[in-house]
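Here are a few notes to read alongside the model. Have a look at the structure first, then work through the points in order.

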Amino acid sequence: MNTIIFSRASGNPISLFSFLRIQFRYFSGNRRHHHNRRTIFHLEQFIISRCKLGFLDEQDALLSFNLLIKSRPIPSIWAFNHLLGTLSKKNHSTVLSFFREMMGCLGLDPDVSTFSIAIKCLCRLNKAELGFPVLGVLLKRGLQPNAHTLCTLLHGLCTQGLMVSASELFRHILDKGHPCDAVTCATIINGLCKDGQSFKALELLSQMHENGRIKPNVECYSSVIHSLCKEQQLDDALSLFQDMFDKRVLPNVVTYTTLIHSLSKFGRWEEAARLLNVMLDWGLSPDVYTHTALLDSLCKEGKIDKAISLFESMSRKGIKPNVVTFTSLIDALCKLGQLTEAFQYLQKMIACRVSPDIVTYNTLLDALCKKGRPSSEAFNLMEAMIDNGVRPNINTYNSLIHGLCRLGEWKEAMELLNTMMSQAVQPDVFTFNILVDTLCKKRRTKEALIVLDSMTKRGVSPDVVTYNSLMYGLCRSGEWKDAIKLLNTMIRLAMPPNLSAFNILVDTLCKESRIEEAHIVLDLMIKGGLSPDVVTYNSLLNGLCILGRLKEAKRLFDEMVCRDIIPSEATLNILLNALSTQGMMDKAEKLFEGMIQLGVEPNTIIYTILMKGYCLQGDMDKAQQVFDQMEVEGNLPDTFSYNTLVYGYIKVKRTDTGLKLLKDMTMKGLLPDQLTRDILKNILSKRLVESVPFVTEDKLVS
């Protein structure tokens, strides 16, 4: 910016830059001649006035500095300080360059303010520790730093988290009797609190009271209270708050807001409300931040009615809600499924001339997508969002892609991914994981692997979630060889699958009769620090039983029990079915009794399997006992249970008993299935129905 000024002679405007160039040529062209003090004074006043008005850009500042540094006699340090102070708001490096040149200029004596500006610039450049040498030069020149100089350096050290250096500086200030006020103390206290050293900050507060030299101000207390609340030491914070009143230090809006937010966060609503009233009694007006802190906490706790009541109270008091206030309410309503009300508050927000931000829009978009409405309303909302100048981000697209995938519209989701990338919004691992997971669940493993390839080409590293989804998809598609390769890749990349992924791979291998490979996977699982669960063992047991390897199944079952893994109903089903099919009913009975002792409660399926085993052996008395016991234990027989027992009776030529059971079944409201009809046809074909004329197929169905 070249500021326009006017020539007194002509009235024509010239730029400040042009004026300074003219002055620079004049002074530099006459450097051998000393100018009178009046000329130097006018130069100083001109530069100081321009600095105060902010009419200096970097180029103007450079010319001004050269003009000052080359003038003789040397202009006053005040002119230099004004120039450095103005420029320090924009270009810290240039100020430090000027400062170094000033330090080498004979006849120019920088004062405390000059050094303070240099220290401030070093701190702004995150080079606070370099402020110590500058401070050392200041002291060597016989100058005494003021409270502002020391506080500037202290603040810079604290901001960078250099608390050891900051604490040493503070001790030096106290030991040497350098100027120190409440602002200096508040600076070190705030630094200690941000560094998680609340206990030291409290000690310093206590020492300040005992010493009596400096009285802690409200900022000292507020920093410690905020830190205690952050560390969830709310009662200690409230105690310190009370101590403020005892020490006649009145809390400000920030103090109250911190406590109200923390009380609300921990569900102490009544105390928060009382504190709000105390605030009002002391003549402090809670601002939008105070109200929003309380409202946000109410929303997060699901107390939407109280939050709306507080919102309405704000309006009555003339406190204009901000974007956070509205977004908190909208988010709470969305989580409660009240989308209509959430959109009403969006309209109120716009009516209040509060512009929704990306968080507001994303909250509503995500809620619409989770409700299964991404195709229409969500996309319309995104268009409105763009029209209002809010650019969709990664979260926007992730919500829409996730919503489409939930509806099974994976092709549309893939198209949206391409749109997203064309808009220079880079997908993250979550974006790709959504698509990979959906495609794998649809058994579209080929497409899922294409997405994985695209993911790696874009520099997005797959994580364990990506690989677990692929493992699931490959196994469901019966591609167990590719699943094994994927397992090896995951182990090589130090991203072993989780228990669910291991389990599905073990189950797939067992169903493919690849028991040895399944055991290798089990060993890898254990070596990787994962403990197999009942699902893992059930898969292995089922695989062994299908192959008739019952001895191995028995050993595996014993191993399972030794590992303190409680068998489930599925475990009992698998083993009972295998023993019953092999006619090992003695072992089946022992297993049944042992499982009951282990706390497994038999269900209808388990009873039916046991009953089936006796039927296969023709031992209908025991089969009937199991049937009766099932009813006594409160497990109602189903159609399959009746079919099993009826078929057993027919097999031993006790057709009449079987037909009575069928009648009993229909009287209990159980409908015959195809197996029941096949049994009846078998009976009719043998002309047994004549001995029981009251039962016919039509009557049974009816």
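1. Let's start with a phenylalanine. Keep in mind that this is a predicted model. Phe311 has a relative accessibility of 6%, so it counts as buried. Phe326 is buried too, at 0% relative accessible area.

2. Searching the whole structure turns up 10 aromatic pairs. One of them is Phe65 with Phe98: the ring centres sit 4.0 Å apart and the planes meet at 5°, so this pair is stacked. Phe65 belongs to helix α3 (residues 58-70) and Phe98 to helix α5 (residues 92-103), so the pair ties together parts that are 33 residues apart in sequence. Phe65 counts as buried, at 0% relative accessibility, and Phe98 counts as buried at 4%.

3. Back to Phe311 and Phe326. Their ring centres are 5.3 Å apart with planes at 70°, so the pair is edge-to-face. Phe311 is in helix α17 (residues 304-316) and Phe326 in helix α18 (residues 323-335), so parts 15 residues apart in sequence are tied together.

4. There is also a ring cluster to find: Phe241, Phe245, Tyr256 and Trp282 are linked by ring pairs.

5. Next, the core. The largest nonpolar core has 207 residues, and Ile188, Ile189 and Met471 touch the most other members. Beyond its neighbours within four places in sequence, Met471 contacts residues including Ala483, Leu486, Met490 and Ile504.

6. Which helix gives the largest share of the lining of the largest cavity? That's α22, with 4 residues. The cavity has a volume of about 30 Å³, and its lining divides into 1 nonpolar, 3 polar and 3 charged residues.

Terms used:
Residues are numbered from 1 along each chain as its sequence is written. This is a predicted model: local features need pLDDT of at least 70, side-chain atom pairs count only at pLDDT 80 or more; totals for chains, interfaces and linings use all residues. Side-chain values use heavy atoms; hydrogens and water are left out. A nonpolar core is a set of buried Ala, Val, Leu, Ile, Met, Phe, Trp, Tyr and Cys residues joined through side-chain atoms within 4.5 Å. Buried means under 20% relative accessible area, exposed over 50%, partly exposed in between (1.4 Å probe, protein chains only). Contact means heavy atoms within 4.5 Å. On a 1 Å grid over the protein atoms alone, a cavity is a set of points where a 1.4 Å probe fits but cannot get out, and a pocket is an open set with protein on both sides within 12 Å along at least five of seven lines; lining residues have an atom within 4 Å of a point. Grid points are joined across faces, edges and corners, and a volume is the space filled by probe spheres set on the points. Helices (H or I, at least four residues) and strands (E, at least two) are DSSP runs, numbered from the N terminus. Ala, Val, Leu, Ile, Met, Phe, Trp, Tyr, Cys and Pro count as nonpolar, Asp, Glu, Lys and Arg as charged, and the others, Gly among them, as polar. Rings of Phe, Tyr and Trp (its six-membered ring) pair if their centres lie within 6.5 Å; planes under 30 degrees apart count as stacked, over 60 as edge-to-face and the rest as tilted.
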